[in-house]
Amino acid sequence: MAKVELQDVRKSFGTHEVIKGIDLEIPDGAFCVFVGPSGCGKSTLLRMIAGLEHTTAGTIMIGGKDVTIVQPAKRGVAMVFQSYALYPNMTVAENITFGLRMTNQSKATTEKKLSDAALILKLDRLLDRKPAQLSGGQRQRVAIGRAIVREPGVFLFDEPLSNLDAALRVEMRTEISRLHAELDSTMIYVTHDQIEAMTMADVIVVLNAGRIEQVGSPLELYHNPNSLFVAQFMGSPKMNTFAVELSDYGHRKTKVDLPNGGFIVVDGSERLSGPAVLGVRPEHITIDTKGELKGEVVLSERLGPETMLHVDVGETEPVIVKEDGLNKLSRGDQCALKIEADACHLFASEGQTIRSGSLLD
Amino acid sequence: MFPTPIENSSSLIRIGYKVILPIALFLWLLPLLGIAFTSIRPAADLDAGNYFGWPSNFAGVENYTSVFTRSNIGYYILNSFKVTIPTVIGTLILSTLAGYALAIYNFRSNLIIFFLFVAGNFVPFQILAIPVRDLSIDMGLYDTSIGLIMFHIAFQTGFCTLFMRNFIKALPVVLIESARVEGVNDWKIFYYIVLPLVRPAIAALAVLVFTFIWNDFFWATIMSQSVSVRPITAGISELKGQWKAAWELIAAASIIAALPPVAMFFMMQKHFIAGLTLGATKG
Ligand SMILES: Nc1ncnc2c1ncn2[C@@H]1O[C@H](COP(=O)(O)OP(=O)(O)O)[C@@H](O)[C@H]1O
Ligand SMILES: [Mg+2]
């Protein structure tokens, strides 16, 4: 249980700056997820918090103490690696207790912690196996067990689920969330998968090219992104975007000219004219004969409860519309799309939000 | 399937394979067979010029016992062990530790030191014969086992360090990082994590170095003289002098001398297991 604070943290490999000044405060007991595209510096930042990478500039504080130049072992953190990092020559029990045994903990405490961790992670029957005899999910559980027995103030996870198959990933996701609730520790979790971020996090930190794009709760980021990058990164399928022209509609309303002739009117835009990017999520577009956008269905993905219709409206990419699972439209059908004006996001061409389509109170 | 099993090839290839293989095998083993046969020939055969024919009678027991009773070969074998075993142990300890340091730590002169180890292998040791002899005389190490051991270790460590460094470099780094986050100190990481994983490499080097040092003739002749120091490779030549080339005894002694490296290979065989890091990472 410890608060983590980063103050203008930077990291360069040679002359190549990878982390470009991060200021962040992760409250005690939070589940914080670093999310961002591959190569944006998530792992590097996590490894800096762990002490595995030297910090080029800035300050890292854990539990109120400056740990910027402290050894990894003395930071009170435990790390779970993407590739599990199990010691292949040791059994599950030996793997879990290795750190304790090597740091001269008493035999009784070691045994107690091992059996507690094994119980939490349902590993009690596997304690005598070698890592090679375990499935991917079991290996990941052993890696987590190794972290738990250290009773760290902060857990660090680097894409722990990305080597697992889809079903197992969903299962482990809930298991890690449960673990967080049970252990009450601060957890920092790195992933490139926005679904993991949305489902697990208290706080999401969106990283882009070594900088923080936005920090907020999952719903805040989803409904109230402060840039086009965040808007497109959060949510699956992706937010639909159109290049549009704005013009003043009077009464502080803005007219948004759609690509193929139609228009919608929105309020509360910071800019009233000029080029902009319109963003609408698939669930805020409906099939409606009175719709502004005419198009042709090119693909319908039937997921069961809902159907994703890909509609070609003459843009480079088709518009994705989330419809009811019983929708009958299929490839080749003509349709018209109605955009929910309140839920429209507008972004300046430089990417920052000029109108939020948030439906949150 | 690759390679295609020989049973599935055309009949021409199959017949060719069956004819050529035994011939090649025979040619390849011919020198060994020659020595083995010579070692069981009575001396009279050789005097009579029967070098390659069938031995007139089996004199194996007699030859092999006289090697021990009528020469110092027993001592020489002991001397060889006295030099080879400490060399193997010393070389492996030094090169594993040096390889670990060069593979894991990012210190400033890391690459330079590594290249020094590599470059050392390119110096032909014949050039060093005279200086090494002079040096060993100056240091009072000439004609001692310890002298041979020290120079052997010095010459072997270069290649072995190169080998170990690259082997350790290929281990998953996360294993070491993970242990480091757990607060395990570096000696314990070396002993409990790295050492078990490099066992196949150590076994391979042990066989290689053992064979090389056991078979060494060059330094054995240059650095030793007395019966209490000479290894077997240099000692065998004594048989030539004493009995004006008693080839049957030289052959028997050679066969005896060749056995320990073979035994070493079979002893270490079970450690050459592949896939030791299986299950460490995703797999
Ligand atoms: N040891 C290193 N040396 C040089 N560059 C590195 C090193 N580690 C990471 N990088 C670079 O830093 C950037 C961020 O990497 P990383 O933190 O692994 O990204 P992510 O985890 O977000 O995919 C990448 O461009 C990568 O090439
Ligand atoms: Mg990464």
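Helices (H or I, at least four residues) and strands (E, at least two) are DSSP runs, numbered from the N terminus. In this predicted model, K122(A) is placed in the loop between α3 (107-120) and α4 (136-148) of chain A. The phi angle of K122(A) is near 55°, which is a positive value in a residue other than glycine, and K122(A) counts as exposed, at 53% relative accessibility. A209(A), which lies in the loop between β9 (203-208) and β10 (211-216) of chain A, also has a positive phi, near 50°, although A209(A) is not a glycine. With 42% relative accessibility, A209(A) counts as partly exposed.

A further backbone feature of chain A is the cis peptide bond that joins S236(A) and P237(A), where omega is about 0°. P237(A) has its place in the loop between α8 (228-233) and β11 (240-250) of chain A.

## Confidence in the prediction

The predictor assigns the complex an ipTM of 0.82 and a pTM of 0.84. For chain B the mean pLDDT is 88, and 94% of the residues of chain B reach 70 or more. Among the elements of chain B, the lowest mean pLDDT, 71, belongs to helix α13 (residues 237-242) of chain B, whereas the highest, 95, belongs to helix α4 (residues 73-104) of chain B.

C40(A) is in no disulfide, since the nearest cysteine sulfur, that of C32(A), is 13 Å away; C40(A) is buried, with a relative accessible area of 3%. For C344(A), the closest cysteine sulfur is in C335(A), and because the two sulfurs are 17 Å apart, they are too far for a bond. C344(A) is buried as well, at 0% relative accessibility.

## Aromatic pairs and charges over rings

Over all chains the count comes to 20 aromatic pairs. One of these pairs is formed by F210(B) and W214(B), whose rings are stacked, at 5.7 Å centre to centre and 10° between the planes. F210(B) and W214(B) are four residues apart in helix α10 (residues 199-214) of chain B, so about one helical turn separates them. An α-helix has 3.6 residues a turn, so residues three or four places apart point the same way. F210(B) is buried, with a relative accessible area of 5%, and W214(B) is buried at 1%. F218(B) and W219(B) form an edge-to-face pair, at 5.2 Å centre to centre with 90° between the planes; F218(B) is partly exposed, with a relative accessible area of 25%, whereas W219(B) is buried, at 5%.

In chain A, ring pairs link F31(A), F155(A), F157(A) and Y189(A) into a cluster. Charged side chains also lie over aromatic faces: R146(A) lies over the face of Y87(A), at 4.7 Å from the ring centre, and R165(B) lies over the face of F114(B), at 4.0 Å from the ring centre.

Definitions and conventions
Residues are numbered from 1 along each chain as its sequence is written. Chains are lettered from A and ligands numbered from 1 in the order in which they are written. This is a predicted model: local features need pLDDT of at least 70, side-chain atom pairs count only at pLDDT 80 or more; totals for chains, interfaces and linings use all residues. Side-chain values use heavy atoms; hydrogens and water are left out. A disulfide is a pair of cysteine sulfur atoms within 2.5 Å. Buried means under 20% relative accessible area, exposed over 50%, partly exposed in between (1.4 Å probe, protein chains only). pLDDT is the predictor's confidence in each residue, from 0 to 100. Rings of Phe, Tyr and Trp (its six-membered ring) pair if their centres lie within 6.5 Å; planes under 30 degrees apart count as stacked, over 60 as edge-to-face and the rest as tilted. A charge sits over a ring if NZ of Lys or CZ of Arg is within 6 Å of the ring centre and within 35 degrees of the ring normal.
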